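Subject: A structure for you to look at

Hello,

Here is the structure I promised to pass on, with some notes below.

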Amino acid sequence: MRLVVTASVLALMCSFGASQVRAADEGDFLSRFDGQWSGGGPVRRNAESGPVNVKCTLGGDQGENRMKVGGSCRAAIIISKAIGADLKYDEATGIYRGTYEGARGGTSQLVGKRQGDTLNLTVTWPKVLNGDRVAAMAITNDGQGQLRIKVTDKVSSEGATEVMSDLTFRKG
């Protein structure tokens, strides 16, 4: 009986320690988004259009178990579009949930998990875009002052995907 209780206490202590380590890891990752960012890259309005290069500025903010980046992108002199992601990390499940602003059609929902330096997220558009309401977003922050936000979307009934936007930013 004493052995079972000791093993149970040890297992509980290990799981508590592991969740604290995981929370610290996520806090370190989320802090990478703080500050000012500038950059840009190619963006496609829809599956039929060609890419247009945009220049963007973002501000990043991190809180307990959350991160937010937001700003605007410009194409030419007259076209400007607000962009942003607001994500909260759930320690219990290891899942990130939040919203994305920037696509035509309004605010989209994000959900996914982190693998290394990358948040792999499913985007659910508020309305049908490119034939469906789902796309993929990867937000990569290498911790060395580089941030990349890449959106891929299914563009054919055969399941072929294409890059719809691929934005790279430098901190500073």
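This is a predicted model: local features need pLDDT of at least 70, side-chain atom pairs count only at pLDDT 80 or more; totals for chains, interfaces and linings use all residues.

Residues are numbered from 1 along each chain as its sequence is written, and side-chain values use heavy atoms, with hydrogens and water left out.

Strand pairing around β1

Strand β1 (residues 35–43) runs antiparallel to β2 (residues 52–63), and nine bridges join them. Here P42 faces N53 of β2. β1 is also antiparallel to β10, through five bridges. Strands are DSSP runs of E, at least two residues, numbered from the N terminus; two of them pair if DSSP finds at least two bridges between them.

The cavity

There is one cavity of 30 Å³ or more, and the largest cavity holds about 90 Å³ of space. A cavity is a set of points on a 1 Å grid over the protein atoms alone where a 1.4 Å probe fits but cannot get out; a pocket is an open set with protein on both sides within 12 Å along at least five of seven lines; and lining residues have an atom within 4 Å of a point. Grid points are joined across faces, edges and corners, and the volume is the space filled by probe spheres set on them.

Among the residues lining this cavity are L58, Y100, M137 and S165. β4 (79–90), β9 (146–154) and β10 (161–171) supply at least two lining residues each, with β4 giving the largest share, three residues. The lining has nine nonpolar, two polar and no charged residues; Ala, Val, Leu, Ile, Met, Phe, Trp, Tyr, Cys and Pro count as nonpolar, Asp, Glu, Lys and Arg as charged, and the others, Gly among them, as polar.

About 600 Å³ of space lies in the largest pocket. Its lining has 27 residues, and V43, R44, R45, K81 and G102 are the closest to its centre. β4 gives the most to this lining too, with four residues. By class, the pocket lining has 14 nonpolar, seven polar and six charged residues.

N65 sits in the loop between β2 and β3.

Best wishes
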